Amino acid sequence: MNERVALVFRREIIMTASKNRQLVPVRKKKIRWAHILPFYIMVLPGCIYLLVNNYIPMYGIIIAFKKLNFQKGILGSDWAGLDNFKFLFATKDSWVITRNTLLYNVAFFIVGTILAIAMAILINEVTSKVASKLYQSLILLPYLMSWVVVGYLVYTFLSGEAGLINKSILEPLGLDKINWYMEKKYWPFILLLVNTWKGIGYSMIIYFSNVVGISQDYYEAARIDGATKWQQIKKITLPLLKPTVITLFILSIGQIFRSDFGLFYQIPKNSGPLYDVTRTLDVYVFQALMKNSDYAMSSAAGAYQSVVGFICIVIANQVVKKFNKDSALF
Amino acid sequence: MKSRENTITQLIAHIFCGAAALCALLPFVLLIIASFTDNAWATANGYSFLPKEWSLEAYRYIAVQGSTIGRAYVMTVVVTVLGTVSSILITTLFAYGISNKDIPGMKILNFLLVFTMLFNGGLVSTYYTYVKYFQIRDTIWALLLPNLLMNAFNVILVKNYFTNSIPPSLKEAARIDGASEFRIFVKIIMPLSLPIVATIGLMTALAYWNDWQNGMYYLSERGGGHLYTIQTVLNNINENLQVLKQNASQAASIGATTVNMPTTTIRMAIAAIGILPIMIAYSFFQRYFVKGITLGGVKE
Amino acid sequence: MKLKKVVSLVLCSAMVLSSLAGCGGSSNGTDTGGGTDSGTTDAGTEGKAAEADSGEITNIVWQYPSPGNLGSGFDDVEAALNEMLERDIGVHVTFEPVELAKSQTEATLMASSGQQLDICLTAFTSIAPLVDGGLIHPLDDLLAKNGQELSEILGTNVNLGKYDSQVYGIPPADRTGNAYGYMARTDLLEKYGITIDSNKYYTLEEIEEIFATVKAGEGDNFYCTVPWNTTQEPLNDSYIEMDKIGGKMGAGVLMLNRGFDDLTVTNLFTTDEYAEYANLMYQWAQKGYISPEAAVTTEFAGSILQTGNYLGQFYWADPAARGGMSSSVGIDFTLIPMIEGYVTNNGGGAILWSIPVTSVNPDKAMQALNYVYSHPEANWLIQFGIEGVSYEVLEETEEGTLIQYLADDPQSLPYHNPYGLWGNILEWPVVAPTPINKNQLTKEFDAAIPESRYSPALGYNFVQGSVNTEMTAVDTVVDQYTPSINCGALDPAKSLPEFIAALEAAGINKVIEENQRQLDAWAAEQ
């Protein structure tokens, strides 16, 4: 239908071709400054902050490619090409380190999300206000401890001689004592457990605020229809949490080459025999540069993690866009 | 049937959450007990819930630095309060802005925001910027500004909440009534967003409370020592320990009398001191926090 | 596309601003003004112009490693020091207290952002980053011009501060040689009727016999040694004589036990000596001489010894060592000597004072250093505080001065400096209950070391620049395996070959070749 309809609105006419190759009149929106100016004012403080805090210092990334000499300044220093990145791959464990970083991140995300959502839903169900408040505060408690302290506490449990597990559980049962810090097969589970224990209070809060935000009307309607609790959760709560889960998923993909340094360094007490399962990229970088504070090399490590994370997040975002346009990050 | 189902649900909820809460609490109790344990006994026998020898040595060691710690607490509270309030303002305003995707430029801003989560200039250039150009060294701005004032993660959370949980019809209706954007923001959006504001408020407060890096890099001991927050003070003690331990052979040669160095027990006491206040504060504010979360969730 | 435009605009502005950074000097000082009173904002902190030399007082900023709590008497000590310095050399010192652990980090940040810093401290890390980053001055000329007394006092110790054939750091003046042995609890030795001949050098077998005797008597929860699980050296250095000429074991060592004129850089971990050592440690752990926790414990050795379940540890054997260890642990120890004193370089000093490029007057800075080293009054002031306030003199003879802190817990004094890194350690007063002639004995100890026991590589320093990557990787591998080997936690039959393979994969042979090449070149010039 090649109907040309002229629409005069504020003296602007634009014709565009729609998807089925028909000429369709479209009203070009004139930029109504009065309408959008408030928005610009609102984002102004944030923009200034991003500029000062993140974008001005962004040039620091080139330190990764330079042979840093402060007398010449960062820009004036000689180029080092990719030399600063070499130490990341110079160990025969490079593959192991990468594997550790990736697998742990995946495991942490899956387990953490499932448990956090479960916890959020359950706490929401608890009718006693006192109990629910108590649970919430206590579960948050581990998040407040630093990894150094958690390391000591774990040591209390796992110490070979006097550890609580060896002394109070294994011995009375007649089993042999286990030298935990030398046996690597237990550690993936230990680290998963400790990381979940520490982080769940925090992630639970995010989901909790979403769960609470779900209108009770939905549940009322479902109850009237005779749905069981489990069905209510499956059909109402979980789908409504999906956007948040997807967002968090994309964000954590962006951090896929990063890891919580404190967890992987302090908890295993930096024990050599465990490196195969406890050493991640951040730990390796720290160990390498601990005695040799080379800013260029640590910057290179950071750049490496950033680039990989960026590629992954763009891919993930594109994939999500295909299924659910709104949930995509950008 | 309904009440039976209810009872089962309650039972499951209590068991699960109760167990989780217990798992969270026990190690903390252990921490407190450990800080009161005699270090020599603990080194020989390991920490336990029922140590045979108690001692106040750890707290005595800390008490020597009492005034520093007291002042550091005050500083931490001030910084946390100021920082959290400012952060909430900036974050929500920015998030509201970019949640309106149809406004020109907002999509790009969104991308720029996410970009900052991935790429970072690093310590040296950030330090340059803040110290050389903005000269925040040894001022309170050093504790408030770097890295903590607006966090991309929080912005995204708030933006998502705005997009998903606030019906656009409300905004449209208000606009037709002639309300300005600011008015809409303050009178409609914010009250409905209490859950997420409470959430990011808590997360920001925790971030400010736990931060020790800003103090370490931007405050010199003499010029800015009075601005140290508690975590910086505690971290300094720990760092010194680490270095001396790492270099035990050389440390002994400079006569750093290792016996006067904080033992593990003291480190436990230090940790307890770092956590206790925020736990107490949280239990006070939890009322409002939960109110915020639950109230805001009630739709019309 | 709009995105491109905005992004490029942002990046452009970033570039513009960063080019200002690259100039390294122009500060767009946007004074935020909101700061609370910064207390003692000392004149030196924001790059004041250098003041004229003659007649006027130059203000220099000197890094002061502090344990965190400065004490009320800090300003008094600084004032008393300045009285002397202003009077004699026209210098006013402003101390910049900094945590020991971050002294080099702070120095790097300050110097690289143009803030005045005249004397900085490097503690326990290599000085290479500061040199390679162009942050500190070479000191040879400054020493010659302004530090004659300092050079004399240091003697050969000045080699500890050399890098790439130039002096970059000044170490504290301490003893030159090191001897090693084993410290055993006196009461336990008496209990088992073991007498020690302090003029004999014991072998490891003889020490093991002592272990066996004591262990048999003490039973299960008793251990005979505390391996330091954060150091790489075998047996806390009491095993054999060697010179770690690269500063790190991974850079290769000179096996001085085979001969003091041996200039072959060797991979210690492939030697027979090391294999024997690894096996021995493993057996000791099996026999219960080493605690199974040794590899992962975070306690200091001193605290571990205090529990009473330990016989002792391998330690230094110079005259001051025994007294120092006994008083700090609180138990009396007897020294069993194992290795006679010898002199090495070990790749550089652990503590070095340097002069950053942002110093307003490097000559005056060097003069200040020179003054503190050569004037005991100033030295004692910084190290111990004001007499009568922090300490009192108990005895004064020609052998030395004996002092005592005026409080049971020195940390409660108005001024207490726990880090012994200032000036001329051999001229310090001795703190009770250490014997008053400690310095005298140390000097005699040094003098008694024959030149035949001097490492042939004194004055040589390894520049790792071209093998930086390999060195980093190798060092990481060494850190991974040595604690477990030192504590006998792993069966060397399996772990030692793994260790060696990992080292080779990391490139240790390349590092050692480079080290050897530089050493040969240096030796040719001597």
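This is a short tour of a predicted model, one selection at a time.

**Stop 1: chain B on its own**

Chain B has 300 residues, and buried residues make up 54% of them.

**Stop 2**

**Stop 3: the nonpolar core**

Stay with chain A and select A:Met119. Leaving aside neighbours within four places in sequence, A:Met119 is in contact with A:Ile139, A:Ile200, A:Met204, B:Cys17 and B:Ala20. Show those side chains too, and note that the list includes residues of chain B. A:Met119 belongs to the largest nonpolar core, which has 324 residues. Together with A:Ala120, A:Ile139 and C:Leu369, A:Met119 touches the most other members of that core. For the largest share of the core, highlight helix 8 of chain A, which provides eleven residues.

**Stop 4: the domains of chain A**

Colour chain A by its domain assignment: domain 1 (1–30), domain 2 (38–79) and domain 3 (83–327). The C-alpha centres of domain 2 and domain 3 of chain A are separated by 31 Å. Where these two meet, seven residues of domain 2 of chain A are in contact with six residues of domain 3 of chain A. On the domain 2 side of chain A, four of the residues are nonpolar, one is polar and two are charged.

**Stop 5: where chain C meets chain A**

Bring in chain C. Here the contact takes 41 residues from chain C and 35 residues from chain A. On chain C, select helix 1 (2–23), helix 3 (103–112), helix 15 (468–486) and helix 16 (492–506), the elements that give two or more residues to this side. Helix 15 of chain C has the largest share, with eleven residues. By class, the chain C side has 20 nonpolar, 17 polar and four charged residues.

**Stop 6: inside chain C**

Hide the other chains. Domain 1 of chain C covers 44–174 + 349–380, and domain 2 of chain C covers 178–346 + 457–525. Their C-alpha centres lie 33 Å apart. How many residues of domain 1 of chain C are in contact with domain 2 of chain C? There are eight, and they meet eight residues of domain 2 of chain C. Helix 4 (128–132) and strand 4 (162–163) of chain C each supply at least two residues of the domain 1 side.

**Stop 7: a three-stranded sheet**

Finally, find the open sheet of chain C, with strands in the order 12-13-14 and mixed pairing. Its edge strands are strand 12 (391–396) and strand 14 (430–431) of chain C. Strand 12 and strand 13 (residues 401–405) of chain C run antiparallel and are joined by five bridges. To see one pair of bridge partners, select C:Glu395 and C:Leu402.

Technical notes: Residues are numbered from 1 along each chain as its sequence is written. Chains are lettered from A and ligands numbered from 1 in the order in which they are written. This is a predicted model: local features need pLDDT of at least 70, side-chain atom pairs count only at pLDDT 80 or more; totals for chains, interfaces and linings use all residues. Domain bounds come from an automatic or database domain assignment. Helices (H or I, at least four residues) and strands (E, at least two) are DSSP runs, numbered from the N terminus. Ala, Val, Leu, Ile, Met, Phe, Trp, Tyr, Cys and Pro count as nonpolar, Asp, Glu, Lys and Arg as charged, and the others, Gly among them, as polar. A nonpolar core is a set of buried Ala, Val, Leu, Ile, Met, Phe, Trp, Tyr and Cys residues joined through C-beta atoms within 7 Å. A residue is buried if 20 or more other C-beta atoms lie within 10 Å of its own, exposed if 12 or fewer, and partly exposed in between; C-beta atoms are placed from the backbone. Two strands pair if DSSP finds at least two bridges between them.
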